[in-house]
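Student: Could you take a close look at a single part of this structure and describe it in one connected account?

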Amino acid sequence: MNGNIVAGLVALVLVLTCGIVEVVLLTNVYEEMHDKCLTVIALSDDKTLTVEQYDDFRNEWVKLRETSELLLPHIDVYEINLRFAEAEAYVKQGDYKQVTAQLMVVEELLRYVPHLMMPNLRHIV
C-alpha cells in the first residue's frame, strides 16, 4: 500500500511540474510573439511592411501554433490563424489599413490566450 501511495505522489508531482513548465514556457513564447506583432503593426502603420517580413512573422506563428494546438483551446488558436491568413492577403494587396486591423486582433489574442493557460476556477466552471 505504501508503494502505491508513493507512486501516486510521484506521478502527481510529475504531472504538476510538467503543467507548470508548459504554462511558463508557452506564456514566454506568446509574450515574444506579442512583441513581434507590435513591431509588425508599426511597420504596417508606416507602410513599410514587406511580404517577406510578414512571411517571417507568420512562419514564427506556425511554429507556435503547432505547439499551441496540442495544449490550448482550438477556437482561440484557430481565430489567430484566420487573422494571420486574412492579413497575409492584405499585405500582398498593399492594403496596410486592413493589415493593421487584422493584426490588432492578433495582438489582443496573443495577450489573451496565455491567460487561458492559467488554472482558474472560472475557466473550469
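Predicted model: local features only at pLDDT ≥ 70, side-chain atom pairs only at ≥ 80, totals over all residues.

Tutor: Helices here are DSSP runs of H or I with at least four residues, numbered from the N terminus. After H3 comes Gly94, which has a positive phi, near 75°.

Along H3, the buried residues are Asp76, Val77, Ile80, Asn81, Phe84, Ala87, Glu88 and Val91. These residues span an arc of only 140° around the axis, which means that they share the same side of H3. The spacing follows a general rule: an α-helix has 3.6 residues a turn, so residues three or four places apart point the same way. Ile75, Tyr78 and Gln93, by contrast, are exposed on the other side of H3.

One of the buried residues, Phe84, has 0% relative accessibility, and since buried means under 20%, Phe84 qualifies. Phe84 also links H3 to helix H2. Trp61, itself buried at a relative accessible area of 0%, has its ring centre 5.5 Å from that of Phe84, with the planes at 5°, so the pair is stacked. Because Trp61 lies in H2 and Phe84 in H3, this contact ties together parts that are 23 residues apart in sequence. Together with Tyr54 and Phe57, these two residues form one aromatic cluster. Tyr54 and Phe57 both belong to H2 (residues 51-71) and sit three residues apart, about one turn of the helix.

Notes:
Residues numbered from 1 in each chain as written. Heavy atoms only, no water. Buried < 20%, exposed > 50% of the residue type's maximum accessible area, 1.4 Å probe, protein only. Helix = DSSP H or I, 4+ residues; strand = E, 2+ residues; numbered from the N terminus. Arc of directions from axis to C-beta. Phe/Tyr/Trp six-rings, centres within 6.5 Å; stacked < 30°, edge-to-face > 60°.
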